[in-house]
Amino acid sequence: MREDVEALDISDVTANWVNAQILERQIDERIKALADLSDTPLFFGRLDFLHAPGAERAEGADGERFYVGRRHVHDGEGDPMVIDWRAPVSQSFYRASKKDPMDIALRRRFGYTGGDLTAYEDEHLSDPAEAARTSKLLQQEIERPRVGPMRDIVATIQPEQDEIVRSGLGGTVCVQGGPGTGKTAVGLHRVAYLLYAHRERLARTGTLVIGPNKSFLRYIEQVLPALGELTVRQATVDDLVAHVEVRGTDDAAAAVIKGDARMAEVLRRAVYAHVTPPTEPVVVVRGSRRWRIPAYELEETVRELLARDIRYGAAREALPQRIAHAVLVQMERSGEAPDDRVQDAVARNSAVKAAVKTVWPAVDPAKLVLRLLSDADFLAVHAEGVLDADEQKTILWAKPVRSVKAAKWSAADAVLIDEATDLVERTHSLAHVVLDEAQDLSPMQYRAVGRRCSTGSATVLGDLAQGTTPWATRSWEEALRHLGKPAAVIEELTAGFRVPTDVITYASRLLPHIAPGLTPVASVRESPGSFEVRAVGSDAEVVAAVRDALREEGSVGLIASDARVAALAGALSAAGVGYLGPGEETTAETRLTLVPASLAKGLEYDYVVLDEPRAVVDAEPDERTGLRRLYVALTRAVSGLTVTHAAPLPEQLL
């Protein structure tokens, strides 16, 4: 298939060089999508139907066989050899069961090792004599060691996951999923499915995956390309709102207020306060004639534009045309016959421009936010009845700043500027946005993401128990309101495919203290995993625990409070143990990653050594946030967890 595309001759089919370049780019993208992946098989399943799908089920009718894989494959004649996992006929591979065989006589799963076919397993779903059983190949694939970046799960998607993956483009879906329930993979595979089912629509306006940090995005970046999807953009929320350079930080109290949805009203007031009711008429001179638009008529036009609730900038652009139209009405009454060119000329008249500049001046969003945060009187006027005096004082800068470039903007300030920018000019909306680790976003950050899918849909992924910011989401209903998607469907995944039973049971001791209403994750892994709590007296003993983990197969993560990372890095180097940073790809030679607890979210390792739980908790501004951070760190392990501590453990774990 790739050679066929490479052999295409487009010299006689393009009308001009522009078309030629577009077609060449499309061909290049197609060739990349058909690249061979040495350790990724083209098919992983087979379906034998009792009757051909879509045909009438007459007695004696022939069935049909399909191979299911990551992408469609056809032979030299164009006949399908492998059916894309996203095709409607492939749905039976994921959802058929002994209880509901879906007309499947045989489901076969293929097992691979390094890309080589090594095993297969059959289920005769329509045979009443064969009892239902757990797939060993499925279990082995789930428990396979993790080395390198995140991989796709097309061979192991579960029925409840498949329902979310294949849900329609029109609606927004929110997935509450505990550690290891596969929510991130579900979100990425949902993007791949939507691109398959609605490619033209998504190609027009685009798709976006939003993650919590760069390390996380590097970890997941290979999943969609492995499924043949190369056009999905990835970004963090900070990337989306990068109107200014972020060089400063806020304390927790200021960040919480700046992230509060009430700030949207403060900004709206501040933007529209620039509109000044006209007090003077506009006099337009054309040739020997003077045309006068009285102040009361101008004021009525301004009121109409304000009542339409359109963006500030759009209304400002409409105002000169409205004034010009009023002039043209007078011209027509006097017997003239002006056309559109005359109206455009009047709109560009210096008197009209001067009136617009006075009545509806241009607003620079960054300068507006700068003034709000540095001018106490200006903030007080526009925050009256919204923020109390103490809250206003909390977000005010201690020292006034002269210019936008000189300001040490924080991440929360950049979100405020993004809100103000949208008030002036509408933000471009994408067709679909996937928002992962959503529980950590502030209401204003939700609004920023919501603007990127205001006319599209979203897949929201998160776990309320893993919210580790002072402004973390209290409920998905509240979050979805801020996102602008209050009608979204909320799904909950509770089957854990990653974290071993003993590990998730230990971590779940924290749930009553951090998220009392959530259902604990139930691990479906057959292996209970290795688990140990080890008292240590020095960093050298922590390194010894790391060496023990490195004797096992797979990746190893050493997770510690941010303040402890430097000391542990020194201890590892002194002991001659090589390590990587978060987001760097592990290799057979270097399988250890040293991870600050603040960056552990969303990552996974076969074996985890968690250093000093008490230090992880104490590093956060409050105990609940600290316990949530600890919950995240405890649940990064796939096969085994060793907890090392010199200080007493948090009482919630005892």
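This briefing describes the overall dimensions, helices, strands and surface features of one protein model. The model is predicted, so local features need pLDDT of at least 70 and side-chain atom pairs count only at pLDDT 80 or more, whereas totals for chains, interfaces and linings use all residues. Residues are numbered from 1 along each chain as its sequence is written, and side-chain values use heavy atoms, with hydrogens and water left out.

**Overall architecture**

- The protein contains 28 helices and 21 strands; helices (H or I, at least four residues) and strands (E, at least two) are DSSP runs numbered from the N terminus.
- The C-alpha trace spans about 95 × 70 × 45 Å along its principal axes.
- Of the 654 residues, 52% count as buried; buried means under 20% relative accessible area, exposed over 50%, and partly exposed in between, with a 1.4 Å probe and protein chains only.

**Helix H14**

- Helix H14 covers residues 312-333, and its 22 residues should span 32 Å at 1.5 Å a residue; the end C-alpha atoms are 32 Å apart, which agrees. The expected span is 1.5 Å times one less than the number of residues.
- H14 bends by about 25 degrees at Ala-318, and Pro-320 follows within four residues. The bend is the angle between axes fitted to the seven residues ending at a position and the seven starting there.
- The buried residues of H14 include Leu-319, Pro-320, Ile-323, Ala-324 and Val-327.
- Gly-335 follows H14 and has a positive phi, near 100 degrees.

**Helix H20**

- Helix H20 (residues 411-424) reaches 20 Å from its first C-alpha to its last, close to the 20 Å expected for its 14 residues at 1.5 Å a residue.
- Twelve of the 14 residues of H20 are buried, so this helix is largely enclosed by the rest of the structure.

**Strand pairing**

- Strand E20 (residues 605-611) is mostly covered, with seven of its seven residues buried.
- E20 pairs with strand E18 (residues 556-560) in the parallel sense over four bridges, and Val-556 stands opposite Tyr-607 in E20. Two strands pair if DSSP finds at least two bridges between them.
- E20 also runs parallel to strand E21 (residues 637-645), to which six bridges join it; Leu-610 has Val-643 in E21 as its bridge partner.
- Strands E1 (residues 45-49) and E2 (residues 64-69) pair in the antiparallel sense over five bridges, and Gly-45 has Val-68 in E2 as its bridge partner.
- E2 and strand E4 (residues 80-84) run parallel and are joined by two bridges; the partner of Gly-69 in E4 is Asp-84.

**Surface features**

- Trp-17, Val-18 and Ile-22 form a nonpolar surface patch with about 310 Å² of accessible area together. Patches are made of residues with over 30% relative accessible area and no salt bridge, with like charges joined within 9 Å and nonpolar side chains (Val, Leu, Ile, Met, Phe, Trp, Tyr) within 5 Å. A salt bridge is a side-chain nitrogen of Lys or Arg within 4 Å of a carboxyl oxygen of Asp or Glu, and accessible areas come from the Shrake-Rupley method with a 1.4 Å probe, counting only the protein chains shown as cover for residues.
- Ile-22 lies in helix H2 (residues 17-33) and is partly exposed, with a relative accessible area of 36%.
- Pro-128 is placed in the loop between strand E6 (116-123) and helix H4 (136-142), and counts as exposed at 79% relative accessibility.
- The C-alpha atoms of Pro-128 and Ser-334 are separated by 92 Å, and these residues are 206 residues apart along the chain.
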